[in-house]
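Morning, everyone. I have one model to walk through today. Please look at the screen.

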Amino acid sequence: LPRFPGTLLLVCRTLRKHGFSCYIVGGALRNLALGTPPEDYDLATDAPPREVMKLFRRVIPTGIQHGTVTIVFRDHCYEVTTFRVETSYSDGRHPDEVRFTTSLEEDLSRRDFTINAMALDPLTGEFFDPFDGYSDIKRRLIKAIGNPEERFEEDALRILRAIRFATQLSFSIEQETYTAIGRHVEHLRRISWERIRDELSKIMEAVRPSRGFLQMEETGILSIVLPELEKCRGVLQSPPHRFDVLDHLLHTCDALPPSDPPLRWAGLLHDIGKPETLSEDDLGGIHFHRHEHVSSHLAQRILKRLKFPNAVIQDVSHLIRHHMFDYTPDWTDAAVRRFLHRTGPEYLERLIKLRIADRIGMTGETAPSHDLAGLKARAERLLAENTPLSIKDLAVDGHILQEDAGIPPGPWMGKTLRFLLDAVLEDPSQNTRARLTELARNFYTQRGKQH
Ligand code: ATP
Ligand code: MG
């Protein structure tokens with residue numbers, strides 16, 4: 001037995017002292033069997049939720065109608081769920097009735113996959129594994145408990161969970177289970193986008209999300225949860241691209257770090273508008289919208305549908321909108337400044353990562369990226385010098401321009417400030433109060449007064 005956190009043992013001992021049992025279940029046991037340290041512990045008990053609430057000082061009724069409460073300590077939180085059985089699922093997503101039980105066996109048999117239906121008593125070391133989950137872990141296999149058809153009819157989210165676990169753990173999906181997935185994809189339409197999003201997010205944190213997306217394509221899940229991505233299959237691109245748009249997007253996504261999910265979403269969706277913009281090319285050869293704007297817009301719609309928070313949607317769409325830049329060492333400092341102004345200095349590193357991943361996604365091979373390293377170094381030098389990049393960095397403001405240069409408040413003030421910023425991005429030595437006042441006065445007498 002590994003060394004469990006002291007507070008975990010305390011929870012188990014307290015429940016035991018009051019005549020209840022308490023087992024570790026779920027992801028923590030999978031991790032233990034795989035030799036990776038558990039991140040969080042899900043616990044199962046025969047104590048009714050109200051009893052659990054009484055026994056501990058800080059308990060939050062996080063899902064009390066399903067029997068789940070969360071016990072909070074300074075170092076850890078434990079989700080404790082009362083043994084339960086779920087009677088029937090007439091809608092394919094919520095059990096009609098949750099019935100609590102005192103039987104561990106009954107509780108384990110309502111779970112989704114064999115590898116998720118094990119229980120360990122951390123005090124005695126007793127291990128319950130009625131469906132041979134441990135040997136499926138050793139065989140690296142995702143297998144539904146009992147009849148997969150029935151399990152997916154009860155709760156269609158499980159078909160996406162199967163793919164998620166296979167991707168996260170690099171396991172295969174057992175044949176019968178896999179076949180049943182294909183037969184139940186339509187049932188996913190009843191599942192809320194929030195639950196779908198949570199599973200997709202976990203796929204995005206895997207080492208190679210592409211494995212999951214390819215299985216989603218093969219089973220038909222993709223056409224339901226991300227039809228826009230499915231449309232990229234077979235959309236061909238000219239060299240140096242070696243892949244169609246879908247494979248290109250998957251390679252790009254894999255090449256980005258799992259620790260930055262929004263960046264991975266940007267990688268996955270950065271060319272999502274291509275099926276549309278490439279056909280515009282065929283039709284008339286004229287891009288009315290540049291493709292990164294179409295892609296960024298479409299990505300926003302997709303992430304909104306998946307109920308991602310606004311901050312994430314904005315982050316991803318900003319990355320996509322600015323992912324196309326062709327840096328060459330002959331860019332002037334002014335060009336680097338204009339780039340930083342346009343994209344935002346806080347996006348520098350991630351945009352460069354996205355650019356590199358995009359190139360890897362063209363050929364499947366890592367290409368040298370000296371040029372981008374050069375851009376990073378130059379941008380960092382300019383930032384260290386506090387080079388002016390936005391209107392708030394100018395040596396003048398609206399008040400000064402009104403008093404010293406006679407610019408009236410209103411639309412011309414904005415236009416003038418914008419003009420001054422362009423001048424300063426071009427040549428930052430002009431960023432003095434005297435020079436900018438002079439430039440402003442000339443600009444306004446030549447352009448503003450005529451209107
Ligand atoms: P992780 O926490 O790493 O996502 P987990 O296996 O702990 O993995 P949870 O979603 O925390 O997954 O659920 C805990 C346990 O509850 C699972 O191991 C499984 O036994 C059971 N479970 C969760 N969702 C379902 C479901 N939709 N159908 C059946 N059992 C489920
Ligand atoms: Mg868990």
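This is a predicted model: local features need pLDDT of at least 70, side-chain atom pairs count only at pLDDT 80 or more; totals for chains, interfaces and linings use all residues.

Residues are numbered from 1 along each chain as its sequence is written, while chains are lettered from A and ligands numbered from 1 in the order in which they are written.

Confidence. pLDDT is the predictor's confidence in each residue, from 0 to 100. The protein chain has a mean pLDDT of 94. Of its residues, 97% reach 70 or more. The scores are ipTM 0.97 and pTM 0.92.

Domains next. The bounds come from an automatic or database domain assignment. Domain 1 covers 6-139 and domain 2 covers 140-225. Domain 3 is 236-387, and domain 4 is 391-448. Between the C-alpha centres of domain 1 and domain 3 there are 43 Å.

Now the ligand. Which residues surround ligand 1? Here "near" means that the C-beta atom, placed from the backbone, lies within 6 Å of the molecule. The shell holds Gly26, Gly27, Asp42, Arg111, Asp112, Asn116, Ala117, Asp155, Leu157 and Arg158. By class, that is five charged, three polar and two nonpolar residues. The classes: Ala, Val, Leu, Ile, Met, Phe, Trp, Tyr, Cys and Pro are nonpolar, Asp, Glu, Lys and Arg are charged, and the others, Gly among them, are polar.

Helices (H or I, at least four residues) and strands (E, at least two) are DSSP runs, numbered from the N terminus. Two strands pair if DSSP finds at least two bridges between them. There is an open sheet of seven strands with mixed pairing. Its order is β3-β4-β5-β2-β1-β8-β9.

Look at β2 (residues 42-45). Strand β1 (residues 22-25) pairs with β2 in the antiparallel sense, over four bridges. In that pairing, isoleucine 24 stands opposite leucine 43. Cysteine 22 stands opposite threonine 45. β2 also pairs with β5 (residues 77-82), in the parallel sense and again over four bridges. There, alanine 44 has threonine 81 as its bridge partner.

Now some backbone points. Most residues other than glycine have a negative phi, and most peptide bonds are trans. The bond from proline 239 to proline 240 is cis, with omega near 5°. Proline 240 sits in the loop between α12 (227-230) and α13 (245-254).

Two non-glycine residues have positive phi. Arginine 140 has phi near 55°. It lies in the loop between α5 (133-138) and β10 (141-142). Is arginine 140 exposed or partly exposed? The rule counts other C-beta atoms, placed from the backbone, within 10 Å of the residue's own: 20 or more is buried, 12 or fewer is exposed, and in between is partly exposed. Arginine 140 has 13, so it counts as partly exposed. Asparagine 386 has a phi of about 55°. Its loop runs between α20 (370-384) and α21 (398-405). With 9 C-beta neighbours inside 10 Å, asparagine 386 counts as exposed.

Contact means C-beta atoms, placed from the backbone, within 7 Å. Neighbours up to four places away in sequence are left out.

Methionine 362 is in helix α19 (residues 348-363). It has 17 C-beta neighbours inside 10 Å and counts as partly exposed. It contacts Pro240, His241, Arg242 and His248. So what separates the C-alpha atoms of methionine 362 and histidine 248, 114 residues apart along the chain? The distance is 6.0 Å.

Tyrosine 89 is in the loop between β6 (84-86) and β7 (98-100). It touches His94, Pro95, Asp96, Glu154 and Asp155. Asp155 is also one of the residues around ligand 1. From tyrosine 89 to alanine 440, the C-alpha atoms are separated by 70 Å.

Proline 345 is in the loop between α18 (333-343) and α19. It is partly exposed, with 16 C-beta neighbours inside 10 Å. Its contacts are Leu340, Leu383 and Leu389.

That is the tour.

Terms used: Two residues are in contact if their C-beta atoms, placed from the backbone, lie within 7 Å.
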